[in-house]
Protein chains: 2
Amino acid sequence: MKRQLIALSLIAAMPAVVSAADAGVAYPAGYRDWHHVKSMVIEQGHPLYDAFGGIHHLYANRKAMEGYRSGRFADGAVIVFDLLEAERSGNALTEGGRKVVGVMQKDARRFAATGGWGFEGFAAGDKGRPVVGDKAATACFACHEAQKASAYVFSALRDR
Amino acid sequence: MKRQLIALSLIAAMPAVVSAADAGVAYPAGYRDWHHVKSMVIEQGHPLYDAFGGIHHLYANRKAMEGYRSGRFADGAVIVFDLLEAERSGNALTEGGRKVVGVMQKDARRFAATGGWGFEGFAAGDKGRPVVGDKAATACFACHEAQKASAYVFSALRDR
């Protein structure tokens, strides 16, 4: 009886697990050890200040690095947009708290509707607080679509 | 005869190689793939602007990462201070050309006079243009000495 209950619980749990994996973009575990691509500061008055004000760093996994170099991003390529508060004091700008961890994950089939890229953002870098969900088309791809010539990616390597 | 000549050439070349390695701090090959520790912008009016104005990123090799965590840096630990121009335009600050690649390399014996750390800077990131040479005590350690309580290192991990 106990074994049957466990089996039933597993079966009941499985569809939810599979659909969560299929529907969304995973938190990019370990991205702080990935290659640091470049950084930028967006300040008050910039058109993207409300969304992306602060200092951001871009990180790329191995497949994304190959994509930057070749211009073609394979499935599994992940780019992280790590946005921190920028704190100004004494003619210096230092990093404050994490505002959001943005993610682009390539899967041509799953994310065909948004250029083959899945998009997600994790508020304050908390893997339990996704903020994009099913709004990727309007919240992310509406801007990234303009970058079609560079595989929908805004950033580029500055060190080769 | 040919073998003798090769042997002689090797012997003749060896002292120069050894003394170059002993005297200085090597260019940190591959540091752009190391862990990105943190970043900061130093602006006009900051007391370090003349020396370090711009946006800098700190990178650490594996031994340096262990050092940040434990507070004790083992021989072979290397920290890179990668300084780029900071270009302000349209309420954003982007990265420009490389000003200098600064290096701290731990070797308690070789660099005993400067807290066990060797210091070098490579102008514009050019491994052929070292700018510190034998001036590490005054050009670098004079400031780093104040950080004795944190192993002469100014930076610290912001992500653990």
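Analyst: Two residues are in contact when heavy atoms lie within 4.5 Å. With that in hand, start with the copies. The model is predicted. Of the interface residues of chain B, 100% are also interface residues in chain A, so the copies meet through the same surface. Chain B can be laid on chain A with an RMSD of 0.0 Å, by a turn of 180 degrees and a shift of 0.0 Å along the axis. That is the relation of a two-fold axis. In chain B, the C-alpha nearest this axis belongs to His36(B), at 3.1 Å.

Now the rings. Ring centres within 6.5 Å make a pair. Over all chains, the count is 16 aromatic pairs. Take Phe119(A) and Phe141(A): their centres are 6.4 Å apart and their planes stand at 50 degrees, so this pair is tilted. Phe119(A) lies in strand E5 and Phe141(A) in helix H4, both of chain A, so the pair ties together parts 22 residues apart in sequence. Both Phe119(A) and Phe141(A) are buried.

Tyr27(B) and Tyr31(B) are set another way. Their ring centres are 6.4 Å apart with planes at 75 degrees, so the pair is edge-to-face. Tyr27(B) is partly exposed, at 24% relative accessible area. Tyr31(B) is buried, at 3%. In chain A, one aromatic cluster is formed by Tyr27(A), Tyr31(A), Tyr59(A) and Phe122(A).

Charges also meet rings. The charged end of Lys106(A) sits over the ring of Trp117(A), 5.7 Å from its centre. In chain B, the charged end of Lys106(B) sits over the ring of Trp117(B), 5.7 Å from the ring centre.

Definitions and conventions:
Residues are numbered from 1 along each chain as its sequence is written. Chains are lettered from A and ligands numbered from 1 in the order in which they are written. This is a predicted model: local features need pLDDT of at least 70, side-chain atom pairs count only at pLDDT 80 or more; totals for chains, interfaces and linings use all residues. Side-chain values use heavy atoms; hydrogens and water are left out. Copies are superposed by least squares on the C-alpha atoms of residues with pLDDT of at least 70 in both. Rings of Phe, Tyr and Trp (its six-membered ring) pair if their centres lie within 6.5 Å; planes under 30 degrees apart count as stacked, over 60 as edge-to-face and the rest as tilted. Helices (H or I, at least four residues) and strands (E, at least two) are DSSP runs, numbered from the N terminus. Buried means under 20% relative accessible area, exposed over 50%, partly exposed in between (1.4 Å probe, protein chains only). A charge sits over a ring if NZ of Lys or CZ of Arg is within 6 Å of the ring centre and within 35 degrees of the ring normal.
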